[in-house]
Structure formats: C-alpha cells, structure tokens
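Have the model open beside the sequence as you read. We take the ligand, then a pair of helices.

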Amino acid sequence: MKSQLNNPASPGKSDRFSSAGFILAAIGSSVGLGNMWKFPYITGEHGGAAFFLLFIICLIVIGLPVLLAELAIGRAGRGSAATSFVKAGGPKVFGHLGLLQVIAPFLILTFYVIVAGWTLHYAVMSFSGNLYNNTDFGGQFTTFTEGYMPIIWQIVAIAITGWVVAKGISGGIEKFNKVLIPGLIILLIVLMIRAVTLPGAGAGVSFFLNPDFSKLSPEAALVALGHAFFSLSLGMGILLTYGAYVDKRQSLGPATLAIGAGDLIYAFIAGLIIFPTTASFGIEPNAGPSLVFIALPAAFSAMPLGAFFGGLFFILLAIAALTSSVSLLEVPTSYVMDRWHWGRTKSVVVISALVMLIGLPSALSFGIVPGLTDIGGKNFFDWLDFITSNILLPVGGLITTIFAGYFWKKAADAAGLKAGWFRVWLFMLRYIAPVLVFLVLLHTTGVIKFD
Ligand code: PHE
C-alpha cells in the first residue's frame with residue numbers, strides 16, 4: 001500500500017479522470033467496430049427486434065453487474081488489470097489469473113489497429129472520390145488488403161493511439177474522448193437521417209425492428225450474451241484499468257448505467273444506418289469487413305453526394321475504433337508502469353512497437369504472404385480474433401465474476417451500492433453470470449453446437 005502511494009508511476013495516483021470524462025472514455029471504449037459490423041448482422045439473423053430485446057436483457061442482467069465489478073475492483077486496487085485484484089484485497093492467485101486480462105487486450109490491439117487503419121484509408125479514398133472510380137468494390141478491397149498499404153495505415157493508427165495514451169489520462173485519453181464522442185454523435189445522427197430517408201429504407205427498418213420471436217433460441221441467447229460482453233469491452237481488463245483512475249467520490253452504479261445506455265443507443269442507431277442503407281440498394285447485410293468495406297461503398301457510390309456520406313461513415317468508424325484502441329493500449333501500459341515502474345512514455349513506445357511487430361503477420365495475412373493466409377482453415381488475423389474474442393474474453397469475464405462474487409470481502413464497500421441493490425448484484429455475480437458466461441465459452445469454442 002505504501003509503495004503504491006509513494007510511487008509516482010503507479011496509475012490512479014494524481015492523474016485521474018473527471019466524472020464526465022470517465023463516462024465518455026468508457027463509452028468510447030465500448031462503442032467500436034463490433035457495434036457497426038457485428039451487431040446489426042446478428043440482430044438481423046436472430047429475429048430483429050426480438051433479438052434486440054434479448055440483447056438488452058443480457059446487457060442489463062449480466063453485462064452491467066460484471067461492468068460494475070470491474071470498475072469497483074479497479075478503483076479499490078488502483079493498480080493495473082492484473083495487480084488490482086490483489087491490491088484490492090484478493091488472494092494472490094488472482095494476480096496471475098489477471099495477467100490474462102493484460103495479454104488479451106494487447107493481442108486484440110495488434111489486429112484492431114489494422115482495421116482502424118483500413119477505415120482511415122477508406123475515409124481518404126471516399127472523400128477524394130477515388131474509391132468510386134471503379135465499382136468492383138470486392139476487387140478493390142482484396143487488392144488493398146493483399147498489398148503493403150495496410151502497414152502504412154497500421155502505423156498511422158498505432159501512432160495516433162500511442163500519442164493519446166502517452167499524454168496520460170486527463171490530458172490524453174479523457175481529452176481525446178471529450179472531443180471525439182460528441183463528433184461521433186453528430187456523425188451518427190447525420191448518417192441515420194441520410195439512411196432512413198433513402199428510397200426503400202422502410203423495408204430495412206422493419207427488418208431490423210420487426211420482432212420475430214420464432215427465431216429466438218438458446219443459441220440466440222448465447223450470441224446475445226457474448227456480444228454484450230464484447231460490446232461493453234468486458235473481460236479485457238479495460239474497465240479494471242479505467243476504474244483505477246476514477247475518483248473515490250464517483251458513484252459507480254449510475255456510471256455503469258450511463259455506459260450501458262451509451263453502448264445500447266449507439267448499437268441501435270448503427271442498425272438504423274446499416275439496414276435502411278443495405279435494403280435501399282438491395283444488398284445483403286453481411287457481417288464483418290465485407291459489409292463495411294464492400295457492400296456499403298456500393299451503396300454510397302449510388303447515392304447523391306455518396307463520396308461525402310461515405311467519407312463521413314468511414315470517419316465515424318475510425319473514431320469508434322480509435323477510442324477503443326486507446327483503451328486497449330492503456331491496459332498493458334498501466335501494467336508495466338505499475339509492475340516495473342516504467343515511465344508512461346517509455347511504456348507506450350515499447351508496447352506500441354511490439355503491437356506493430358506482432359501485428360505485422362496479421363496485416364500480411366490476407367494474401368501477400370502465403371503461409372499466413374491459411375493456418376488450419378483461418379488466416380493469422382482470424383486466429384487472433386478467434387482466440388481473444390472467443391476464449392480469452394469469456395475466461396477473463398469468468399475470473400472477474402468469480403473473484404467479485406466469492407473471493408472479495410470488500411465488494412460491498414467498493415461498489416458503494418445500497419443494501420438491496422448490493423444483494424441483487426452479488427446474486428448475479430455468484431449464481432447467474434458465471435454459469436451463463438461459462439456456457440458462452442462452451443459455445444464460442446464449439447463444445448456446444450446447435451445444428
Ligand atoms: N467494445 C468494442 C467494440 O464493440 C471492442 C472492444 C473489445 C474494444 C474489447 C476494447 C476491448 O467494437
């Protein structure tokens with residue numbers, strides 16, 4: 001405790017979030033590429049509004065309790081994602097288990113910045129109009145991702161991320177989110193209005209919002225829960241890390257609700273952009289890169305002022321991605337600052353260089369280096385995505401719920417909830433969340449199959 005108080009490099013010391021800055025930064029972390037290219041698709045596939053309801057239930061019943069647990073542990077420990085468990089008064093073994101939640105965001109970051117780089121490239125290409133000179137958007141995307149250009153953009157995305165994190169919490173991450181989140185909201189609204197006023201947009205809106213309860217299934221529930229975790233950036237040490245910089249006086253309960261609401265509203269509006277646009281141009285609303293980089297450019301190319309709206313859309317994605325990537329980089333940065341007492345700048349420079357190097361095989365795994373394109377059915381990039389999102393994330397979530405539910409005597413004080421809410425919270429963390437998160441893990445690793 002003493003060394004922590006006297007150590008200037010320890011996170012959570014003098015550099016803190018303001019109350020609003022913290023909520024914006026947490027929302028910035030949660031809204032990301034997942035909201036845009038995964039959420040609308042899985043919603044459409046699993047019954048539209050019926051699935052959306054399920055998602056809201058998962059988010060409230062499981063997502064928010066785990067989110068609150070991460071924040072409370074982080075604030076009580078004032079360490080990093082790994083050290084906070086022990087500093088908050090938990091058994092030593094959680095210090096080792098917590099390391100997983102430092103490694104996971106580091107690995108995610110290595111491929112997340114690559115996609116962030118793609119969005120920057122597409123924003124430039126759209127505003128300049130070059131994207132629309134050739135309407136073979138699939139071919140353009142393949143040529144781009146199979147070349148060396150993505151590496152340049154990967155470096156740009158890491159440089160922006162590293163620059164923000166090097167400037168610290170209040171002067172870097174908080175400021176960045178305070179400027180970009182309002183910008184993100186304006187872009188969302190402009191693009192939503194554009195999308196819902198397109199001819200034929202109504203079909204997309206009703207596809208998204210028509211509840212089809214017949215498509216609800218146990219599988220849909222596990223997909224909804226897995227996505228609630230990914231979307232809130234849980235199980236990745238992020239809220240544990242951000243929590244360390246939150247003031248003692250901040251009430252965590254209302255902050256948790258605000259973060260959940262922010263993520264939900266963003267996901268909803270993303271659906272109101274994607275479905276009307278794809279319906280209006282008769283395109284399949286697929287998931288992943290093919291939606292964002294192939295299907296949507298085709299739509300933009302056919303709409304009036306499409307280059308402008310397309311450019312705005314890619315800027316929106318770039319902002320969503322970068323406010324998430326700074327949160328990812330802060331986790332290992334805070335860990336090495338806490339653990340080895342390195343200065344912030346040195347930590348950021350070394351980790352960013354490693355992110356760059358370890359990201360290279362992902363950046364090159366779309367065709368240019370044959371050995372990386374197919375490693376047992378997936379390319380290098382997809383493997384990293386699979387391991388982190390499908391294995392490390394639920395495991396990280398399990399560790400947090402089990403810790404807070406069973407091993408943490410100070411949970412009541414740290415969460416600052418009224419007695420009744422505290423009992424509900426503890427009940428969820430003890431009996432509901434671990435079981436369901438474990439089922440998600442069995443599902444994402446293919447142990448449970450629904451065919
Ligand atoms: N929540 C982000 C999204 O929806 C992804 C993310 C996961 C970011 C984990 C940081 C950590 O895209």
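**The ligand and its surroundings**

Start at Asn-35. An N or O atom in the side chain of Asn-35 sits 3.0 Å from an oxygen atom of the ligand. This is a predicted model, so read each distance as computed from predicted coordinates.

Now step back along the chain. Gly-34 uses its backbone: one of its N or O atoms there is 2.7 Å from a ligand oxygen.

Widen the view. There are 14 residues around the ligand. Those that come nearest are Ser-30, Leu-33, Gly-34, Asn-35 and Phe-230.

How much of the ligand's accessible area does the protein cover? On its own, the ligand has 320 Å² of accessible area, and the protein covers 100% of that.

**Two helices in contact**

Next, find helix H11, residues 169–196, and helix H15, residues 252–280. Two packed helices are described by the angle and the distance between their axes. Here the axes come within 8 Å and cross at roughly 35°. The crossing of H11 with H15 is left-handed.

Which residues make the contact? H11 contributes Leu-184, Leu-188, Leu-191, Met-192, Ala-195 and Val-196. From H15 come Tyr-266, Ile-269, Leu-272, Ile-273, Pro-276 and Thr-277. Sorted by class, eleven residues of this contact are nonpolar and one is polar. None is charged.

How values were computed. Residues are numbered from 1 along each chain as its sequence is written. This is a predicted model: local features need pLDDT of at least 70, side-chain atom pairs count only at pLDDT 80 or more; totals for chains, interfaces and linings use all residues. Side-chain values use heavy atoms; hydrogens and water are left out. Axes are lines fitted to C-alpha atoms, for helices over the stretch in contact, and angles run from 0 to 180 degrees between N-to-C directions. Helices (H or I, at least four residues) and strands (E, at least two) are DSSP runs, numbered from the N terminus. A crossing is left-handed if the near helix is turned anticlockwise from the far one by less than a right angle, and right-handed if clockwise. Contact means heavy atoms within 4.5 Å. Ala, Val, Leu, Ile, Met, Phe, Trp, Tyr, Cys and Pro count as nonpolar, Asp, Glu, Lys and Arg as charged, and the others, Gly among them, as polar. A residue is near a molecule or strand if one of its heavy atoms lies within 4 Å of it. A polar contact is a pair of N or O atoms within 3.5 Å; within protein, one must be able to donate a hydrogen and the other to accept it, and residues adjacent in sequence count only if both atoms are side-chain atoms. Accessible areas come from the Shrake-Rupley method with a 1.4 Å probe; for residues, only the protein chains shown count as cover.
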